[in-house]
Amino acid sequence: MRRGSPPVSHQQPAAVLTTNGGSPVEVRRSARRTRTVAAFWEDGTAVVAIPARFTAAQEREWVHRMLAKLHKQGERPAASGRRRPATDEALAAHAARLSAKYLGGRATPTSVRWVGNQNSRWGSATPAEGTIRLSDKLRPMPQWVIDYVLLHELAHLLVASHNAAFWQLLDAYPETGRAKAFLEGVSYATSRGLDKDAASHRVPNDAGDPWPGDAD
């Protein structure tokens, strides 16, 4: 090194963190998150959400744990090849990801399942028991609509009624307005028999409400 030249650093650049399948990993610190850690997929990236107060050692430990958990669940395909949560187990795992992403992980249902006997509601929740049920009639609908219904019921585990605090929780989901309009359109068409040629896509709404009823 010549005299007067700036010192040369031999420090290696930090390695880019990826999952076992090669997907990028983002560690997201949140001051609102105090005790919980969550991991979920977001547009092909594995996101690990941790409390802002975590030390570097705690971050490494929990990122390792949560990536192992995601790996156990199976690498998620890119957004364009996203699979729908077909089973109750997959639906529960998806609910956990939505809760972590939009509700700070505060909504923690004890069970989430598809049901075939729910014709007057898109979904229902029992806050006292922490259970959520989604109607099978939602299955053929776009995933962003299913996610809205699932988030709607997750929010009911935190706020039982449809008050201002409840709707404020759903403000974080960007498709809330669009999904509500979609469901209102389906209900309108169904109530007037406009979907007779698309029976497999019917979503009965015996209550006659755009959003049928409150949580159970």
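**Entry 1**

I began with strand 2 (residues 38–42) and found it joined to strand 3 by five bridges, the two running antiparallel. This is a predicted model, where local features need pLDDT of at least 70 and side-chain atom pairs count only at pLDDT 80 or more, while totals for chains, interfaces and linings use all residues. Residues are numbered from 1 along each chain as its sequence is written, and side-chain values use heavy atoms, with hydrogens and water left out.

For my own bookkeeping, helices (H or I, at least four residues) and strands (E, at least two) are DSSP runs numbered from the N terminus. Two strands pair if DSSP finds at least two bridges between them.

I then turned to strand 1 (residues 25–30), which runs parallel to strand 3 and is joined to it by six bridges. Here Arg 29 stands opposite Ile 50 of strand 3.

Is strand 3 buried or exposed? I looked at residues 45–51 and found seven of the seven buried, so strand 3 is largely enclosed by the rest of the structure. Buried here means under 20% relative accessible area, exposed over 50%, and partly exposed in between (1.4 Å probe, protein chains only).

**Entry 1: the whole chain**

I stepped back and listed five helices and six strands in the protein. From the N terminus, I read the order as β-β-β-α-α-β-β-β-α-α-α. Of the 216 residues, 38% count as buried.

I also checked contacts, which means heavy atoms within 4.5 Å. Among those between residues at least 6 apart in sequence, 51% join residues at least 24 apart.

Next I traced an open sheet of three strands in the order 4-6-5, with mixed pairing. Which strands stand at the edges? Strand 4 (111–115) and strand 5 (123–126) do, each with a single partner strand, so one side of each is left without a neighbour in the sheet. Neighbouring strands in this sheet are turned by 15° against each other on average, direction ignored. For angles I keep in mind that axes are lines fitted to C-alpha atoms, for helices over the stretch in contact, and that angles run from 0 to 180 degrees between N-to-C directions.

Strand 5 and strand 6 pair antiparallel over four bridges, and I noted Ala 125 with Ile 132 in strand 6 as its bridge partner. Helix 2 packs on this sheet, touching strand 4 and strand 6, and its direction makes about 130° with that of strand 4. Helix 3 packs there too, touching strand 4, strand 5 and strand 6, with its direction at about 155° to that of strand 6.

Ser 124 is found in strand 5 and, at 0% relative accessibility, counts as buried. Its C-alpha is 9.1 Å from that of Leu 150, 26 residues apart in sequence. Ser 135 sits in strand 6 (residues 131–135) and counts as buried at 1% relative accessibility. Leaving out residues up to four places away in sequence, I found Ser 135 touching Trp 114, Val 115, Gln 118, Arg 121 and Trp 122.

**Entry 2: helix 3 and its two partners**

How do helix 2 (residues 88–102) and helix 3 (residues 143–156) cross? Their axes come within 10 Å and cross at roughly 75°. The two are therefore roughly perpendicular; angles under 35 degrees count as roughly parallel, over 145 as roughly antiparallel, 65 to 115 as roughly perpendicular and the rest as oblique. Among the residues that meet, I noted Leu 91 and Tyr 102 in helix 2, and Asp 147 and Leu 150 in helix 3. This contact divides into seven nonpolar, three polar and one charged residue. In that scheme Ala, Val, Leu, Ile, Met, Phe, Trp, Tyr, Cys and Pro are nonpolar, Asp, Glu, Lys and Arg charged, and the others, Gly among them, polar.

Helix 3 and helix 5 (residues 176–191) have axes that come within 9 Å and cross at roughly 100°, so I logged this pair as roughly perpendicular too. The residues that meet include Trp 144 and Tyr 148 in helix 3, and Phe 182 and Leu 183 in helix 5. By class, I have seven nonpolar, one polar and two charged residues here.

**Entry 3: confidence**

Last, I looked up pLDDT, the predictor's confidence in each residue, from 0 to 100. The protein averages 77, and 75% of the residues score at least 70. Over residues 77–81 the pLDDT is below 50, and this stretch has two contacts beyond near neighbours in sequence. Over residues 194–216 pLDDT stays under 50, with 58 contacts beyond four places in sequence.
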